[in-house]
Amino acid sequence: MALSWWNSAVWWRSPALWIGVGVLLFVAGRVAENRLSGRAVKESAAWPYLREAVIAAYSVIPAFAGIPLALLFPSALGVESSVWLPRFFKGLGMFAALFLVLMFFVLVSRGRGRKRARGSYPWWMGLRDGIYSQAHWGFYRGLVAMAGSGVYAATWLGALVALVEWTISGVATGLPPRGKSALFLGVLLTTSALFLYSRNLWLCMIFHWLAMWVAKGEWS
């Protein structure tokens with residue numbers, strides 16, 4: 001059963017509340033990291049581990065905890081096998097097509113710009129980025145779907161929420177270099193399109209991982 005954007009009887013299940021809190025925490029976290037990381041790295045060896053734990057908890061826990069808390073349906077998040085398994089091969093075909101398109105632009109851009117050293121972006125970092133970002137974006141997409149939007153509208157509105165929070169945090173702390181910004185936008189759009197065809201969060205994570213690894217984390 002779909003929820004309304006705001007539910008007075010069960011306010012804690014309101015999609016609007018969770019989207020607002022998610023964006024607010026994302027921006028606040030980026031601002032805090034920007035102000036604290038330099039000093040903290042110098043003073044404490046534990047800072048990188050604490051930072052990683054906070055990012056992992058923020059990115060992954062809400063998405064998967066939303067299912068037992070009745071904030072999300074598994075199908076809205078993209079982990080319901082009865083939904084994505086019948087669409088698996090269609091999703092693989094779209095995976096290949098979108099990946100080739102994205103890599104074409106990455107390689108053309110890299111050929112005209114400076115080249116990064118091989119191995120400067122390890123495979124595990126791409127996997128980490130894929131899991132964190134896709135779980136986080138999937139949470140927003142699922143919340144919009146739970147508010148009664150169809151899968152098409154929910155997918156693109158969820159992507160818009162992710163883009164808005166990235167832009168606000170970028171304005172507050174400084175936007176990434178043009179290459180990284182282009183890669184973020186490219187992966188956000190292609191994985192959103194992939195989800196429409198596959199309804200498969202796992203496939204989106206794999207796509208994100210490979211795209212980041214091949215692009216070395218930066219669209220030159």
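What you have open is a predicted model, in which local features need pLDDT of at least 70 and side-chain atom pairs count only at pLDDT 80 or more, while totals for chains, interfaces and linings use all residues. Residues are numbered from 1 along each chain as its sequence is written, and side-chain values use heavy atoms, with hydrogens and water left out.

**Stop 1: the whole chain.** Show the cartoon and you will find 9 helices and 0 strands; these are DSSP runs numbered from the N terminus, with helices being H or I of at least four residues and strands E of at least two. The radius of gyration is 18 Å, close to the 17 Å that the globule rule gives for 220 residues, so the protein chain is as compact as a globular protein of that length. That radius is taken over C-alpha atoms, and the rule is 2.2 Å times the number of residues to the power 0.38. Along the principal axes, the C-alpha atoms fill a box of roughly 55 × 45 × 25 Å.

Buried residues make up 40% of the 220; buried means under 20% relative accessible area, exposed over 50%, and partly exposed in between, with a 1.4 Å probe and protein chains only.

**Stop 2: helix α6.** Select residues 123-146. This helix has 24 residues and reaches 34 Å from its first C-alpha to its last, close to the 34 Å expected at 1.5 Å a residue (the expected span is 1.5 Å times one less than the number of residues). α6 is mostly covered, with 17 of its 24 residues buried. Following α6 is Gly-148, with a positive phi near 110°.

**Stop 3: the salt bridges.** The structure holds 3 salt bridges, each a side-chain nitrogen of Lys or Arg within 4 Å of a carboxyl oxygen of Asp or Glu. Pick Arg-128 and Glu-52, whose closest N and O atoms are 2.6 Å apart. Arg-128 lies in helix α6 and Glu-52 in helix α2, so this pair ties together parts 76 residues apart in sequence. Asp-129 and Arg-128 are both buried. Shared partners join Glu-52, Arg-128 and Asp-129 into one network.

Next, select Glu-33 and Arg-51, another salt bridge, with the closest N and O atoms 2.4 Å apart. Glu-33 sits in helix α1 and Arg-51 in helix α2, 18 residues apart.

Stop 4: Most residues other than glycine have a negative phi. Ala-70 has a positive phi of about 65°; look for Ala-70 in the loop between α2 (47-65) and α3 (74-77). Ala-70 is partly exposed at 32% relative accessibility. Then jump to Lys-216, in the segment after α9 (201-214), where phi is positive, near 55°. Lys-216 is buried, with a relative accessible area of 16%.

**Stop 5: a nonpolar patch.** Finish by selecting Trp-5, Trp-6, Trp-11, Trp-12 and Leu-69, which form a nonpolar surface patch with about 590 Å² of accessible area together. Patches are made of residues with over 30% relative accessible area and no salt bridge; like charges are joined within 9 Å, and nonpolar side chains (Val, Leu, Ile, Met, Phe, Trp, Tyr) within 5 Å. Trp-11 is in the segment before α1 (15-43).

Key:
Accessible areas come from the Shrake-Rupley method with a 1.4 Å probe; for residues, only the protein chains shown count as cover.
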